[in-house]
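Here are some notes for a colleague who is opening this structure for the first time. Please read them with the model in view, taking the points in order.

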Amino acid sequence: YMLKSNVDTTQPTLVTSLLGLIFQLGCLCSALGLFQMRAAGNGIAGKIILLIQMTLHALAAIFQVLEYQQLGVGSLFWTITDIGWPLGFFFMLITGGAVAWAGQWTGWRRFVPLLCGLPIVIAGLAGGVTSEQVATLLFPGLLTIAYLLLGFALFSYNKDDDEVMVTQPSF
């Protein structure tokens, strides 16, 4: 509908800004959950990676407010916070790789954070091969599914389950 209507989708509205802010705060909370669970390992590298991830999502959340209020348009701060959106999703590839590498999580959970970085890559490739409209339709759907799965992985995680799986032999 939005692609064929006369609605100006380039101007932020209260609804789009609030939805973007809520989504970015959810992403930030997911990164905080990964940090608290030490999903990227106990070492300094894992902690730094997750701190960068949280910073990128915080910047993107700030941008939602700036964009709606049109504060500091074109300023360096505007640009830095604006970059938080795509970099936050690209950086999830690094965060996801760190979580998979650390092996703190086992089973399907181990690779879920990596899935959160793939929608931007998939949509970019699909847009390059087909059209920008395909990318515009693919990206939000894939991103929502990936982050809902990450939220479920965090919410349903029980460390005791991993310890049982790791220590018990499978027959």
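1. Leaving aside neighbours within four places in sequence, R109 is in contact with A153, S156 and Y157. With S156 there is also a polar contact, made between the two side chains at 2.6 Å. R109 itself sits in the loop that runs between α3 (76–102) and α4 (112–115), and it counts as buried because its relative accessibility is 13%, which is under the 20% cut-off.

2. The pLDDT falls below 50 over residues 1–7, a stretch that has four contacts in the model beyond near neighbours in sequence. It is likewise below 50 over residues 164–171, where two such contacts are found. Where pLDDT is low, the predicted coordinates should not be read in detail. For the protein chain as a whole, the mean pLDDT is 86, and 87% of the residues reach 70 or more.

3. Helix α5 (residues 118–129) is made of twelve residues, and the distance from its first C-alpha to its last is 16 Å, close to the 16 Å expected at 1.5 Å a residue. Which residues of α5 are buried? They are P119, I120, A123 and A126, and, seen down the helix axis, they fall within an arc of 135°, so they line one face of α5. An α-helix has 3.6 residues a turn, so residues three or four places apart point the same way. The buried residues of α5 pack against α3, α4 and α6 (132–156), while the face turned away from that buried side carries the exposed residues L125, G128 and V129.

4. C27 is in no disulfide, and the nearest cysteine sulfur to its own, that of C116, is 7.6 Å away. Seen from C116, the closest cysteine sulfur is the one in C27, and the separation of 7.6 Å is too far for a bond, because a disulfide requires the two sulfur atoms to be within 2.5 Å. Are these cysteines buried or exposed? C27 is buried, with a relative accessible area of 1%, and C116 is buried as well, with a relative accessible area of 0%.

Conventions
Residues numbered from 1 in each chain as written. Predicted model: local features only at pLDDT ≥ 70, side-chain atom pairs only at ≥ 80, totals over all residues. Heavy atoms only, no water. Helix = DSSP H or I, 4+ residues; strand = E, 2+ residues; numbered from the N terminus. Buried < 20%, exposed > 50% of the residue type's maximum accessible area, 1.4 Å probe, protein only. Polar contact = N/O pair within 3.5 Å; in protein donor to acceptor, adjacent residues only side chain to side chain. Contact = heavy atoms within 4.5 Å. pLDDT = per-residue confidence, 0-100. Expected span 1.5 Å × (residues − 1). Arc of directions from axis to C-beta.
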